[in-house]
Amino acid sequence: MKYKSQKVAYWFFALSMLLLVLQLVYGFVMGFARIGFDNLHEFVPFNTARAVHTNLLVVWLLSGFMGAAYYIIPEEAQRELVNVKLAYVQLISLAVVGVVAVVGFHFNYWEGRKFLEIPRPLDFLVVINVLLFLGLILVTLFKGKRRTTTALVLSMGLLFAALLYLPGMLPFDSQVMDSFFRWWVVHLWVEGVWELIMGGILSFLLIKLTGVDREVIEKWLYVIVGLTFLSGVLGTGHHYYYIGVNKIWLIVGGIFSALEPLAFLAMALFAVNMYRKGEKKHPNKLALYWTLGAAIVSFVGAGLLGFAHTLPQTNLYTHGTLVTAMHAHLAFWGAYGMIVLAIISYSLPNMTGRKLYLTPRGRAAFWLSNIGMIGMTVAFGVAGVAQVYLERKFGMDFMLVQKEISIHFVVLIICASVFTTGIIMYIIEFYKHGRPTDEAMEVSIQ
Ligand code: HEM
Ligand code: HEM
Ligand SMILES: [Fe+2]
């Protein structure tokens, strides 16, 4: 069964794609600045570009998650969204807050707290926006005919993500305290509640695409939620090693964060097993590619590359270097970027009625973006390891080291171009689907 109000998801996805393109533009600005072409410096210095790049990332992912929820919740709850007009109000206000924040960054209206650069007054607008979103989702779920585990895990993830934004708004004079609570947002998002969002979307997609029984799929989901909380909460300690808090965190953070890859491993095994078990041959193979891809690439980017620098003995050397950027790119891409592209690939044909499944362009989009991103990860990784040796082992001056490793950014730009070609192809496919229609929503789906 489909529900007409699910169509609102389309517009969140469209906003998401627009912001993704902008994010990449700022990525290139930084990449070129790193090899000496810093011509835009007057208007967009590196630090501004960096803040814009990462904040746009967060907003396009959130917009994607919101679209996913507007698509998934009515179908799981078996009822229309309680109020479609308000969902459009929420969409527009999200776009407005995002644009105001990003434009503000160019006029130095931002706070120097990585990932949480949005100034406090704007934070309140974010809170109102998210409350509206959660209200619509939760009331729909509550009034619906069914409350599935998939829908509950997805909604729980979204609700906790909203609550965890609040500690990041507490004002402190102490740098230590500020850092301590900043990680409640940044770490507990990506290594905690966002994993629930990912797990919920993954579970929905696997139910639809493989035809394996809901009971089996949702049992796995419980295991994933369990592993996530067991490791991720105390795993926050891997950011507390050297920030000036109690040394007990060296042990607690080391042990629990080392367990975090298990949740990602479980997700990868889950997806691959369900794919193998599945008897249903769903025609939308492209959505299946992105779904399995998300589960596997996130294990590599978050699980393996996260583990690579999570022990205190290694983090002492790698902290805040390009090794972090190596891990951050593949983890964000695999876990959250790809799952958003997966739900879009699945839902778009259903909403528009155009069955552009595994077209040559769709397939090329998948492979080029992934190959490009793996190349970027390697480029960051090689630059990062060189940086660690020159700067931290041999004590070379920071700026001299940056000059020394700038050649790796040439490689980065080449790989980023491959990646971007893939993304552009994905967006062309998105555009070719056309707009969602009521007629398409009436056609029943497998
Ligand atoms: C055109 C493609 C891209 C290019 C050229 C690019 C380039 C860069 C550069 C140069 C940095 C700054 C590294 C430094 O501090 O020196 C950066 C940071 C970052 N980028 Fe990208 N990027 C691209 C795409 C993406 C994508 C698709 C994602 C996520 C899915 C992403 C996520 C991030 C994150 C999370 C950071 C902050 C990393 C950290 O905190 O260490 N980027 N990017
Ligand atoms: C999808 C999940 C994940 C994403 C999106 C992600 C992303 C990031 C980002 C953006 C940063 C830089 C944060 C900042 O400096 O503000 C970071 C840092 C870090 N991540 Fe992850 N991560 C994920 C999972 C993991 C896992 C599972 C582990 C451990 C096994 C891990 C270990 C680390 C460590 C140790 C740092 C600190 C690096 C430093 O000291 O500079 N991450 N991660
Ligand atoms: Fe973390």
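**Note on the surroundings of ligand 1**

1. In this predicted model, the side chain of Q23 places an N or O atom 3.3 Å from a nitrogen atom of ligand 1. Two further polar pairs deserve mention. R34 has a polar side-chain atom 2.4 Å from an oxygen atom of the ligand, and an N or O atom in the side chain of H53 is 2.8 Å from one of the nitrogen atoms of ligand 1.

2. Helix 1 (8-34), helix 2, helix 12, helix 13 (360-393) and helix 15 (407-432) are the elements that each give two or more residues to the shell around ligand 1. Helix 12 provides the largest share, with 7 residues.

3. The iron atom of ligand 1 has H53 (NE2) and H329 (NE2) as its protein donors, at 2.0 Å. Around the iron atom there are 6 donor atoms, and the arrangement is octahedral because they subtend angles of 85 to 180°. For six octahedral donors, the ideal angles at a metal are 90 or 180 degrees.

4. H53 belongs to helix 2 (residues 46-77) and H329 to helix 12 (residues 322-352), so this pair ties together parts 276 residues apart in sequence. H53 counts as buried because its relative accessibility is 11%, below the 20% limit.

5. The shell around ligand 1 comprises 26 residues, of which R34, R50, H53, K114 and H329 come nearest. By class, the shell holds 16 nonpolar, 7 polar and 3 charged residues.

6. At the level of domains, ligand 1 lies between domain 1 (1-142) and domain 3 (285-446), because both give residues to the shell around ligand 1.

Note on methods: Residues numbered from 1 in each chain as written. Chains lettered and ligands numbered in written order. Predicted model: local features only at pLDDT ≥ 70, side-chain atom pairs only at ≥ 80, totals over all residues. Heavy atoms only, no water. Donors = N, O, S within 2.8 Å, 3.2 Å for Na, K, Ca; no water. Tetrahedral: all angles 85-135°; square planar, octahedral: opposite > 155°, others 65-115°. Helix = DSSP H or I, 4+ residues; strand = E, 2+ residues; numbered from the N terminus. Buried < 20%, exposed > 50% of the residue type's maximum accessible area, 1.4 Å probe, protein only. Near = heavy atom within 4 Å. Polar contact = N/O pair within 3.5 Å; in protein donor to acceptor, adjacent residues only side chain to side chain. Nonpolar A, V, L, I, M, F, W, Y, C, P; charged D, E, K, R; others polar. Domains from an automatic or database assignment.
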